[in-house]
Amino acid sequence: MLIAEAAKGSKAAFNTVMIQQAPRLHNIALRLMGNKSDAEDAVQEALAAAWFKLASFDLSRPISPWLTRITVNKCRDLLRKRRIRQFFEFHSDNEADLTIADDTPDPSAELQARQALEFMQREITRLPTALREPFVLVTFGENSQAEAAHILGISEKAVETRIYRARNRLREISRKLEG
């Protein structure tokens, strides 16, 4: 078992497990953080923390929920830091968006689909944390509602209710966009 080897200090075993888990963790972090750079930072911090805490991991339990919980906690920490940093930053209204447009022609349907996807991603990150976390864990994180409840420390019914509310809010926003 790779986890047992990793817990004994095998970096190779740990790397193998992380290679398997990282895409799922990154997907969760991306949905919670809202951008690729912050998601990568959160996953990197989570994996580093997992390495240092691995000796205390209960080998009779599955590794996936444990790693997910660490990742969600790192995302929470980074979001907290981001809010504090934003509170103290002052921006002028004249700041230009420095993104560079892609000069390759895109079909309009692909462009519209990408814009809709980006819009929904932004709206997911704007959901209250209590709704966003269970929604992301179940919808994008491949976790069951029971696993999400365990990771977040809430009841399965609370997870179910919060996912329902998150979907309704997103559906409402989508209708407003279309209308």
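Reader: Are α2 and α6 roughly parallel or roughly antiparallel to each other?

Author: Two packed helices are described by the angle between their axes and the distance between the axes. The axes are lines fitted to C-alpha atoms, for helices over the stretch in contact, and the angle between N-to-C directions runs from 0 to 180 degrees. Angles under 35 degrees count as roughly parallel, over 145 as roughly antiparallel, 65 to 115 as roughly perpendicular and the rest as oblique. In this predicted model, α2 (residues 11–33) and α6 (residues 129–139) pack at about 150 degrees, their axes 9 Å apart. The two are therefore roughly antiparallel.

Reader: What do the residue numbers and helix names rest on?

Author: Residues are numbered from 1 along each chain as its sequence is written, and side-chain values use heavy atoms, with hydrogens and water left out. Because the model is predicted, local features need pLDDT of at least 70 and side-chain atom pairs count only at pLDDT 80 or more, while totals for chains, interfaces and linings use all residues. Helices are DSSP runs of H or I, at least four residues, and strands are runs of E, at least two; both are numbered from the N terminus.

Reader: Which residues of α2 and α6 meet?

Author: Contact means heavy atoms within 4.5 Å. I28, R31 and L32 in α2 meet R132, E133, V136 and L137 in α6. By class, this contact has 4 nonpolar, no polar and 3 charged residues. Here Ala, Val, Leu, Ile, Met, Phe, Trp, Tyr, Cys and Pro count as nonpolar, Asp, Glu, Lys and Arg as charged, and the others, Gly among them, as polar.

Reader: How does α6 lie against α7?

Author: The axes of α6 and α7 come within 9 Å and cross at roughly 135 degrees. These helices are therefore oblique to each other. E133, P134, L137 and V138 of α6 make the contact with Q145, A148, I151 and L152 of α7. That contact holds 6 nonpolar, 1 polar and 1 charged residues.

Reader: Why is α6 called largely enclosed?

Author: Buried means under 20% relative accessible area, exposed over 50%, and partly exposed in between, with a 1.4 Å probe and protein chains only. In α6, 8 of the 11 residues are buried, so this helix is largely enclosed by the rest of the structure. The buried ones are L131, R132, E133, P134, F135, V136, L137 and V138.

Reader: Which residues touch the most other members of the largest nonpolar core?

Author: A nonpolar core is a set of buried Ala, Val, Leu, Ile, Met, Phe, Trp, Tyr and Cys residues joined through side-chain atoms within 4.5 Å. The largest one has 43 residues, and V72, F135, V136 and L137 touch the most other members. Helix α2 gives the most to this core, 9 residues. Leaving out residues up to four places away in sequence, V136 touches I28, R31, L32, I124 and G141.

Reader: Where is I124, and is this residue buried or exposed?

Author: I124 is found in α5 (residues 108–126). Its relative accessibility is 6%, so I124 counts as buried. With the same exclusion of residues up to four places away, I124 touches R31, R132, F135, V136, F140 and L170.

Reader: What is said of E142?

Author: E142 lies in the loop between α6 and α7. Its phi is near 60 degrees, a positive value in a residue other than glycine. E142 is exposed, with a relative accessible area of 65%.
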